[in-house]
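Here's a quick tour for anyone meeting this protein for the first time. Have a look at the picture, then read on.

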Amino acid sequence: MKRLALLSAAAGMALMASTAAWAQDKINLAYTTPDSLLAFVAADEGIFKDEGLDVSLEHVAINNNIVPAMISGSIQVGTISVPSFLRAVDADLDLVAFASASLYKSTDEGRYGLVVRNDAGVEVPADLVGKKVGNPGIGGILDILFQNWLASHDLDSRKVQSVELAFPSLVDAIGSGQLQVSVSTQPFVGRMTKDGTAHLLADFSGEIPGEAAVIVFVTTREWAKAHPEDLEKMRSAIQKAADLADADPQKRLAPVVHYTNLPEAPAKSTLATNVGSSTLPPEQIEFWVDSMVKQGTLRKVKSTEGLILQ
């Protein structure tokens with residue numbers, strides 16, 4: 001009888017321990033770029049902890065590797081670009097977005113666009129025909145804006161050759177003359193044009209209708225359904241981080257340097273980032289859906305329906 005009571009007590013303790021462990025499951029949050037600064041601020045300022053969450057931030061060098069990690073279960077939440085998210089859903093992966101990390105706005109003049117060397121002989125859009133154009137990511141955010149810009153000027157994108165290079169390499173290529181034209185964003189636009197040998201020919205902010213999410217917080221639908229309380233706590237932490245980052249932009253700098261290992265000078269470019277929030281209105285990703293459908297890079301996803309967890 002005594003042995004039975006001990007076994008029963010042990011089973012009860014094991015059950016309580018299991019329940020506590022479930023309630024305190026660690027959330028692995030993967031990120032790639034400084035645009036994930038809301039996650040950085042929430043971690044550095046102890047906001048996740050204050051919400052009762054055990055969140056571990058994990059840097060993933062290639063953004064496209066975050067989705068497979070979420071599907072495998074090694075990562076629970078990821079901050080990924082909207083095009084990456086849409087392509088994953090288009091490939092029948094059951095992912096949902098639940099908050100925005102950063103935004104592009106139509107008022108972002110001079111932050112991203114087409115940089116041209118002064119000696120390139122490119123003065124109007126039609127001069128790009130037959131040119132090689134540097135591109136930091138074919139199919140990515142800036143490429144989609146570039147394709148929209150070409151279409152708005154009745155230019156066939158097949159007549160422009162994209163050369164895919166990382167941002168630092170694009171700066172070097174424009175500086176040396178290896179490339180004469182490049183799609184870019186700040187702080188790299190500034191680096192390309194600072195010595196006066198190149199200028200911003202086209203400002204892509206005009207392609208943005210109001211606000212468009214750039215980086216979003218994403219998880220699997222399965223994890224979201226199994227952890228509704230954790231998800232709401234994450235949203236609360238994200239909003240508190242957004243409020244703090246907006247109220248005091250200097251609060252962004254140290255977390256960005258910490259989690260990205262960027263030197264302080266380039267990290268300062270994040271002070272101008274339009275931070276997201278715990279809400280993600282459909283219209284903030286509708287622009288990307290419409291653009292990618294027109295460009296033929298989405299086959300199944302035709303609207304925002306079912307993409308955002310409300």
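Which residues does L128 touch, not counting residues up to four places away in sequence?

## Ground rules

This is a predicted model, where local features need pLDDT of at least 70 and side-chain atom pairs count only at pLDDT 80 or more, while totals for chains, interfaces and linings use all residues. Residues are numbered from 1 along each chain as its sequence is written, and side-chain values use heavy atoms, with hydrogens and water left out.

## Inside the core

L128 touches L114, V122, V133, F146, W149, L150, K159, V160 and V181 (contact means heavy atoms within 4.5 Å). L128 is also one of the residues with the most contacts inside the largest nonpolar core, which has 88 residues. Such a core is a set of buried Ala, Val, Leu, Ile, Met, Phe, Trp, Tyr and Cys residues joined through side-chain atoms within 4.5 Å, and buried means under 20% relative accessible area with a 1.4 Å probe, protein chains only. Strand β4 (residues 95–105) gives this core its largest share, eight residues; strands are DSSP runs of E, at least two residues, and helices runs of H or I, at least four, numbered from the N terminus.

## The sheet

Six strands form an open sheet with mixed pairing, in the order β2-β1-β3-β10-β4-β11 (strands pair if DSSP finds at least two bridges between them). β2 (54–59) and β11 (274–275) stand at the edges with a single partner strand each, so one side of each has no neighbour in the sheet. β4 and β11 run antiparallel, joined by two bridges, and S102 stands opposite V275 in β11.

Notes. Buried < 20%, exposed > 50% of the residue type's maximum accessible area, 1.4 Å probe, protein only.
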